[in-house]
Amino acid sequence: MKKTMKSLIGLALLLTSPALFAITGLEIAQTHDDRDKPDTTHMALQMDLIEANGKVSSRLIEQWGVEDNDLANSIMVFRKPASVKDTRFLQVENEDRDDDKWIYLPAMKKVRRIASSDGSKSFMGSDASYDDMETRDIDRDTHELIREESFSTWDCYVVKGQAVDPSDSQYAYRLTWFDKETFYPVKVEMYDKKESLYKVMTVKDLKNIDTHWTPIDTLIENVQNGHSTEMKVLNVEFDKPVNKRMFTTQFLNTGR
Amino acid sequence: MFDICLSEKSGTFLNNKTIQAIREISETVETFPAVDDITSLINTDFPDGSSEGMSVEALVSDDFTGTEEEIAQLKTNLLDWPDMFENSLYSKDFKSTQILVVINKDASHEEKNAIYDGIVEFTQSYDWLEVRVAGDPVLSHDAEIFMIADLTALIPLVLLVLLVSLYLAFHRMGGTLLPMITVLITTIWTVGLMAMFGVAFSIVSTCLPVLLIAIGSAYGIHVMTHYYTEMRNLKKKISREEHKDLVISSVQVVFKPVILAGFTTIVGFSSIITSPIVPLKTFGLFSTIGTVIALILSLSFIPALMIAGFKEKSEKKSAIKLESKILKREEQSHRRMEAIYNKLSNHTVGILVTTALVVILSAYGLTQMNIESALIDYFPKDSSLRVNADYISDHFAGTNTFNVVVKGEQPGDVIDPRVLNEMDKLKEYLLENNPDIGKIMTYADFIKRMNQIMNFPADENTENFGNYDDYESVDAGSFFGDDSADSGSFFGDDDDSADSGSFFGDDDSNDDSSDEELAEATPVTFEPLSMTDDLTWSTLIDLARKVVNENGDGEFTITDLTNEVEKAFNVRGKAYYEIPTDLSKYPAGSNEELKNLISQYLLLYSGSLDKFSDDSLEPTQVRMLVQIKVSDTATVAKILDDVNSYAATHFPENITIENSGIAEMTKALTDMITGSQIKSLLTALLAVFLIVSIAYKSPVAGFYGIIPLFLSILINFGLMGLTGINLDMITALIASIAIGVGVDYTIHFISRYKLERLKSDDLNLVTKNTILSSGKAIITNAVSVGLGFAVLVFSQFVVLRYIGALVAIIMLTSSVAALTVLPALLNMFKPKFISKK
């Protein structure tokens, strides 16, 4: 069963496989997975798509998420640029089947369901794939602590995560740098099926907001084509009431 | 790119065994690091629609087991989007499928060969399939094999030819072996230098050893001939010291003519260095270097060996024996030359008239000449390479490709529906006017597909998700102000029904106004027939008439009619397989909003269009890939012209069109060949003119000097035109070789004629003496060079066979022209330079 994307902040953690402490990779991943997560999220995000030649195009996205019985629902509304303004994306996590996804295209004035079992596709033009956006259940991967080293300002455990069933992942394996103090993943290297480095995700700024560690600025680079995506959290609220009506297709259709 | 074509020996490739084989091949090929991308049945997406929305799934899923239903569904899906899949993933008879393997630009030759060998070896076990592999790497792989075969077979052969002709000319060990050793050293040094400087061996350079052996021997022959003449004139036994002086003096005598002959040859070859085409430039450079080496060795190494190898005792006996033999032969050839002269004399007018006729015929031939530069034409038609490529071109879209790049000024310019619509119409226009185009895939095809699958007819029973009515109106408070959901949005004010509080203030008045525009959108008046409607006869007749009208010649198939009916009912969204431009069909108020619709499609579909655009959301460039079944330049040139003329009249001003790709490159190369041919031809002719003018201190002499050359080159091009031999990168060399070697005969003839002319005023006697004395040397030289080149007729490459035959013919025509046309003209116009002291 796939766990849904919870929120875009989740991106960083979602890219990672979970936890350990002082000893095994699994424990590191588990500790990260067991952290206290907010019941609701509300974020303003800036997504910068950076081409290999340095050209940047930005998008502003607003996102709301709730967690209900361990299942996450989220809605994303594109604010900018004008060409995609009011495009709305609803994702609903299910217990024992693929996530449900709907999109509302304002120029079409229609809600359409999106079905795709291939999670390796780019998420909305970014360098993150749909799969990168979800949390992987810890038991889908093996977790091996391979070394300890510092990255940026963090002292880290480096954990190698490999899918138990190789066809269950678009990657051969991932290396995740967990901050020893917060158990928050601050860097992830993703290796393609030929085992060459494909993407690198690095957290440039990690903040504790209302007791929740939140990557405020995250960069995902595709090292094979030079394209990269920077996600910046412009504003965030946790555990504020969010109207559940927002997670319906009718809201998607009307925005009300 | 590799093009792996799998053909079922019987039946269709749509069976589990073959599909698993495709998977195995794809997975194996993928493991090579130099492989960038693979397109095959098993890793292609199928964007599909439904009443509820869209899906993008793999055409063949990972858990495909080949049940009857799966196979049937796969076929249905393939047929559902012919613009993308037909003649690319399946041949129309469903016997063959393709796997396209894109190789990294920086991959080495060895890496490509390893991949090719891997493919060939790996696919051997599929005995129910016929496997054909084509593509550039196969071309260079096979070229390499051909080149090695050529070098190992032709070099011994040309050495044998040289050995025989040297023996026939001299009947002596020294005369046979010394020039031979010289050319061997020359060839080894030259090829060694190429290797030292890391110059790649190309098809062109394959004929370099043959050329050096055939031409380089001439200088040694001159030296040896003169030496033997001097030796024969000696009546007594000589000492080692006297022999040494004799060698030196005979070298001194031949020094000037040999240097002059060598110099003109060098001029001919070095004219090729002006070519912009790298293999030709390299060939020009190293043939020049080789000639210089041969020249230096002939004038230093040969005399040195002659001096060192002198044996006082044995010399006398054999010399007498030989002398009588040689005298006999000399007499024979003298009589032969006399007979030739007798036939030619008094036919001055006849010679000139024949020449004029040949010139006219050749000029006509010249106009028929076809200029090509497709590498594949160098291979014989029956080579497996050509056979495979032809099969693939016949069954698929063709391996000769180019891109039409549609470029805007600003990001997003090209996704204007008007531009995309023109792109789509350009495709139709090209297909209608160019039957050799196998397939065109465009960026617009994806947008059309996206538009189609997002507009599948709605199912009336579609259920909403979520208990919308159970909740109070949304007050989300957006971060962005203008949100109508009052959810406290980050993006705006809180006047919405969803109060969630936005983070974004109501700062975007532009967006508000566009909202209002949206509200005033043109009402959607287009309404497809519903499946519950009956199809009346009158509707059917209307549809049939529409089909007839759209197919101007009145020919249409039942498929056309079916399509039209399906469009009317919007079966599987077919009414929307188009670029959205019609405002009455879409809920948009302006073209700008239709453009936004495309942006929104791209947001959803992004990432899948990488190969056809430079940016997934706001492209500045989008592509269209034209695949052509033939490789000839005329066809490509016509298509390129069509593209440019259509673009000039149909695309908006801010849009520019560029062509790129193999076919376009071939066309550019072809233009380059013509240009470089003319340039090197003129350079060489001018150089020969100057050399001869200076040597005889008269520009008139220079003019006479280039006449036989001009004639033989014209005949060469005429022959090529008449026999359909293409002027290409390699046959373009012939003219330069002709000048470099052919001019020697003219120089020999003129210098001897001038010598004789000073002795006598009787022109007939002068001519006779000239032909008798220089004729033999000219003919011997021409025959040995001609035969040397003729060895190339046994080459694996068609183009080198042509070179062999054509150079041999040029040796014949330029020597005959020197012996016939030149005296005829000299006798007729009596130029002053020839009788001057």
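This is a predicted model: local features need pLDDT of at least 70, side-chain atom pairs count only at pLDDT 80 or more; totals for chains, interfaces and linings use all residues.

Chain B comes out with a mean pLDDT of 83, and 89% of its residues reach 70 or more.

The pLDDT is below 50 over residues 506–519 of chain B, a stretch with 17 contacts in the model beyond near neighbours in sequence. Residues 483–487 of chain B also stay under 50, and there the model has 46 contacts beyond four places in sequence.

## Chain A at a glance

Chain A holds three helices and 13 strands. Of its 256 residues, 52% count as buried. Its C-alpha trace spans about 50 × 45 × 35 Å along the principal axes.

How does the radius of gyration of chain A sit against that of a compact globule? A compact globule with 256 residues would come in near 18 Å, and chain A has 18 Å, so the two agree. As for how the chain contacts itself, take the contacts in chain A with a separation of 6 or more: residues 24 or more positions apart account for 49% of them.

## Chain B at a glance

Chain B has 25 helices and 12 strands. It runs to 837 residues, of which 44% count as buried. Among its contacts between residues at least 6 apart in sequence, 72% join residues at least 24 apart.

## An open sheet in chain B

Four strands of chain B make an open sheet, ordered β2-β5-β1-β6, with antiparallel pairing. The edges are β2 (35–39) and β6 (129–134) of chain B, each of which pairs on one side only. From one strand to the next, the twist averages 20 degrees. Helix α4 (residues 109–123) of chain B packs on this sheet and touches β1, β2, β5 and β6 of chain B; its direction makes about 170 degrees with that of β6(B).

With β1 (residues 2–8) of chain B, strand β5 (residues 96–103) of chain B pairs over six bridges, in the antiparallel sense. Along that pairing, I4(B) stands opposite I99(B) in β5(B), and S7(B) stands opposite S96(B) in β5(B). The pairing of β2(B) and β5(B) is antiparallel too, over four bridges, and here V35(B) faces I103(B) in β5(B). Is β5(B) mostly covered or mostly open? Mostly covered: six of its eight residues are buried.

## One residue on the helix

F122(B) belongs to helix α4 of chain B. Is F122(B) buried, exposed or partly exposed? There are 15 other C-beta atoms within 10 Å of F122(B), so it is partly exposed; being buried would take 20 or more, and being exposed 12 or fewer.

Leaving aside residues up to four places away in sequence, F122(B) touches I25(B) and T28(B).

## The nonpolar cores

The largest nonpolar core has 147 residues, and V210(B) and I803(B) are the ones with the most contacts inside it. Which helix gives the most to this core? Helix α25 (residues 798–829) of chain B does, with 16 residues. Once residues up to four places away in sequence are set aside, I803(B) touches C207(B), I730(B), T731(B), L733(B), I734(B) and L792(B).

How values were computed
Residues are numbered from 1 along each chain as its sequence is written. Chains are lettered from A and ligands numbered from 1 in the order in which they are written. Two strands pair if DSSP finds at least two bridges between them. Helices (H or I, at least four residues) and strands (E, at least two) are DSSP runs, numbered from the N terminus. Axes are lines fitted to C-alpha atoms, for helices over the stretch in contact, and angles run from 0 to 180 degrees between N-to-C directions. Two residues are in contact if their C-beta atoms, placed from the backbone, lie within 7 Å. A nonpolar core is a set of buried Ala, Val, Leu, Ile, Met, Phe, Trp, Tyr and Cys residues joined through C-beta atoms within 7 Å. pLDDT is the predictor's confidence in each residue, from 0 to 100. The radius of gyration is taken over C-alpha atoms; the globule rule is 2.2 Å times the number of residues to the power 0.38.
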